[in-house]
Amino acid sequence: MIVVTEQAAYQIQEMIKEAGEGEQYVRLAVNGGGCSGLSYGLGFEKDANEQDEVLEFHGVKFLIDKQDAPILQGVKIDYKQSMLGGGFTIDNPNAIATCGCGSSFRTAANSGTPEQC
């Protein structure tokens, strides 16, 4: 369903260790909003629920709500480091449009709820 690079998984493992609050999962979610209508959410969670698919990459367990799964099909999460710093990138082959700042998107099947920028 999704791909998480080894570099991204390593960075997430380090963030989980730093948080130190017992989080065991990373939730990848799709939220309404942004200029294009949809945006990504990434956060830590302690427990999975019945609506979640649990996927594991390089020792990191991800939660994806079954409702978000079609929008996230084929997504690749990576972590890029440069002289100016580092950050996560999310490449979604389903996105047909993105906003200028790159923080929101829409797909052919789901336009979400665009907001004024």
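A residue counts as buried when its relative accessible area is under 20%. In this predicted model, Ser-104 has a relative accessibility of 1% and is therefore buried.

## Surroundings of Ser-104

Ser-104 belongs to the loop that connects β8 (95-98) with β9 (105-107). Its contacts, leaving aside residues up to four places away in sequence, include Gly-33, Gly-34, Cys-35, Ser-36 and Gly-37, as well as Ala-97, Thr-98 and Cys-99. The C-alpha atoms of Ser-104 and Gly-32 are 9.0 Å apart in space, although 72 residues separate the two in sequence.

Gly-34, one of the residues touched by Ser-104, lies in the turn of the hairpin formed by β2 and β3, where it has a positive phi of about 80°. This hairpin has 3 residues between its strands.

## Strands β2 to β5

Strand β2 (residues 25-33) runs antiparallel to strand β3 (residues 37-45), and 9 bridges join them. Within this pairing, Ala-29 has Gly-41 of β3 as its bridge partner. With β5, by contrast, β2 runs parallel, through 3 bridges; here Arg-27 is partnered by Leu-63 of β5.

Strand β4 (residues 52-57) pairs with β5 in the antiparallel sense over 6 bridges, and Val-54 stands opposite Leu-63. The hairpin of β4 and β5 has 2 residues between the strands, and His-58 in its turn shows a positive phi of about 50°. Of the 6 residues of strand β5 (residues 60-65), 5 are buried, so this strand is largely enclosed by the rest of the structure.

An open sheet of 3 strands has the order β1-β6-β7, and its pairing is mixed. Strands β1 (3-4) and β7 (85-91) are at the edges; each has a single partner strand, so one side of each lacks a neighbour in the sheet. Strand β6 (residues 76-82) is joined to β7 by 7 bridges in an antiparallel arrangement, in which Ile-77 has Ile-90 of β7 as its bridge partner. Helix α1 packs on this sheet and touches β1, β6 and β7, its direction making about 80° with that of β6.

Met-15 lies in helix α1 (residues 6-19) and, at 34% relative accessibility, is partly exposed. Together with Leu-42, Phe-44 and Phe-88, Met-15 makes a nonpolar surface patch of about 310 Å².

## Salt bridges

The whole structure contains 4 salt bridges. Among them are the following.

| Salt bridge | N to O distance |
|---|---|
| Glu-14 and Lys-17 | 3.5 Å |
| Asp-52 and Arg-27 | 2.8 Å |
| Lys-80 and Asp-78 | 3.5 Å |

The pair Asp-52 and Arg-27 has its closest N and O atoms 2.8 Å apart. Because Asp-52 lies in strand β4 and Arg-27 in strand β2, the pair ties together parts that are 25 residues apart in sequence.

Glu-14 is partly exposed, with a relative accessible area of 24%, whereas Lys-17 is exposed at 60% relative accessibility. In the salt bridge of Lys-80 with Asp-78, Asp-78 counts as buried at 13% relative accessibility.

Notes. Residues are numbered from 1 along each chain as its sequence is written. This is a predicted model: local features need pLDDT of at least 70, side-chain atom pairs count only at pLDDT 80 or more; totals for chains, interfaces and linings use all residues. Side-chain values use heavy atoms; hydrogens and water are left out. Two strands pair if DSSP finds at least two bridges between them. Helices (H or I, at least four residues) and strands (E, at least two) are DSSP runs, numbered from the N terminus. Patches are made of residues with over 30% relative accessible area and no salt bridge: like charges are joined within 9 Å, nonpolar side chains (Val, Leu, Ile, Met, Phe, Trp, Tyr) within 5 Å. Accessible areas come from the Shrake-Rupley method with a 1.4 Å probe; for residues, only the protein chains shown count as cover. A salt bridge is a side-chain nitrogen of Lys or Arg within 4 Å of a carboxyl oxygen of Asp or Glu. Buried means under 20% relative accessible area, exposed over 50%, partly exposed in between (1.4 Å probe, protein chains only). Contact means heavy atoms within 4.5 Å. Axes are lines fitted to C-alpha atoms, for helices over the stretch in contact, and angles run from 0 to 180 degrees between N-to-C directions.
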